[in-house]
Amino acid sequence: MKLPSELAGKAAAFLQKYRYPALILVIGLVLLALPSKKKASTAPAEQSQTARTETVSAVQTDYCARTERSLAQILSQIDGAGQVRVMLTLASGPQTVYQTDSEEQTQTDGAQSSAVRRQETVILSRGSSYNEPAVVGTQYPVFRGALIVSEGADSPAVRYQLASAVSALLGIGTDRITVVKMK
């Protein structure tokens, strides 16, 4: 059995011989143990998709809220309507339209001919690691229905005028518009 003093001597000789690699190893372990202030980074494509989704949701919410405010303001100007509040529901959110390239090929097999159409989305490249589809435009959200709360909704004429105005402005049928009296 070796004595502790012999082991300590061998360890000191080993550390003397490999002191620089041991120092680099200790510094590396200390740096790994330090907490990072940055959030864990995801791939640029994932960040871009997350940001795009959040932007679409924010645009959808903002568009709907602005439309509700402006509708309430204009509907309150109808004779007998009084104070008006509006709530809208969406059938679909905004949709992004992408640029596509189309190619059509006709194949003839004896008496039969068939057409094959192929579409590809145009991709814009900004460097080696960042690709983005070319955007042509955005289609606005489509409304599904409306709820109108009005002080003057006890009058059938006012209810009809409110429902007709919202139907004409939003392009939805009057069967999807409900007008109720405000308490």
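**Fold, core and side-chain pairs of the predicted model**

Of the 183 residues in the chain, 19% are buried. The structure described here is a predicted model. Its secondary structure comprises four helices and nine strands, and along the sequence these elements follow the pattern α-α-α-β-β-β-β-β-β-β-β-α-β. Among the contacts with a separation of 6 or more, 61% are made by residues 24 or more positions apart.

An open sheet is formed by three strands in the order S1-S8-S9, and the pairing within this sheet is mixed. Strands S1 and S9 are the edge strands, each of which pairs on one side only. From one strand to the next, the twist averages 15°. In general, the strands of a sheet pair through backbone hydrogen bonds, either parallel or antiparallel. The pairing of S8 with S9 is in the parallel sense and extends over five bridges. Ile148 stands opposite Val179, a residue of S9. Helix H4 lies across S1, S8 and S9, and runs at about 145° to S9.

A second case of strand pairing is provided by S3 and S4. Strand S3 (residues 100–109) and strand S4 (residues 112–121) run antiparallel and are joined by 10 bridges. Glu103 stands opposite Arg118 in S4. The two strands S3 and S4 form a hairpin with two residues between them, and in the turn Gly110 has a positive phi of about 65°.

When its neighbours within four places in sequence are left aside, Ile148 is in contact with Leu75, Val84, Arg85, Leu162, Val166, Ile177, Thr178, Val179 and Val180. Val179, one of these contacts, is also the residue that Ile148 stands opposite in S9.

Helix H3 was then considered through several of its residues. Thr67 lies in this helix and is buried, with a relative accessible area of 14%. With neighbours within four places in sequence left aside, Thr67 is in contact with Leu88, Phe143 and Leu170.

The structure holds one salt bridge, which Arg66 forms with Asp62; the closest N and O atoms are 3.4 Å apart. This distance meets the criterion because a side-chain nitrogen of Arg needs to be within 4 Å of a carboxyl oxygen of Asp. Arg66 and Asp62 are four residues apart in helix H3 (residues 44–75), and therefore about one helical turn separates them. Both partners count as partly exposed, Arg66 at 43% relative accessibility and Asp62 at 40%.

Aromatic side chains were examined last. A pair of aromatic rings is described by the distance of the centres and the angle of the planes. The count comes to two aromatic pairs. One of the pairs, between Phe14 and Tyr18, is tilted, with 5.0 Å centre to centre and 50° between the planes. Tyr18 is partly exposed, with a relative accessible area of 37%. The pair between Tyr63 and Phe143 is stacked, with 6.0 Å centre to centre and 25° between the planes. Because Tyr63 lies in helix H3 and Phe143 in strand S8, this pair ties together parts that are 80 residues apart in sequence. Tyr63 counts as partly exposed at 21% relative accessibility, whereas Phe143 is buried, with a relative accessible area of 9%. The two residues fall into separate classes because buried means under 20% relative accessible area. Phe143 is also one of the contacts of Thr67, a residue of helix H3.

Note on methods: Residues numbered from 1 in each chain as written. Predicted model: local features only at pLDDT ≥ 70, side-chain atom pairs only at ≥ 80, totals over all residues. Heavy atoms only, no water. Buried < 20%, exposed > 50% of the residue type's maximum accessible area, 1.4 Å probe, protein only. Contact = heavy atoms within 4.5 Å. Pairing = 2+ DSSP bridges. Axes fitted to C-alpha atoms, helices over the stretch in contact; angles between N-to-C directions. Phe/Tyr/Trp six-rings, centres within 6.5 Å; stacked < 30°, edge-to-face > 60°.
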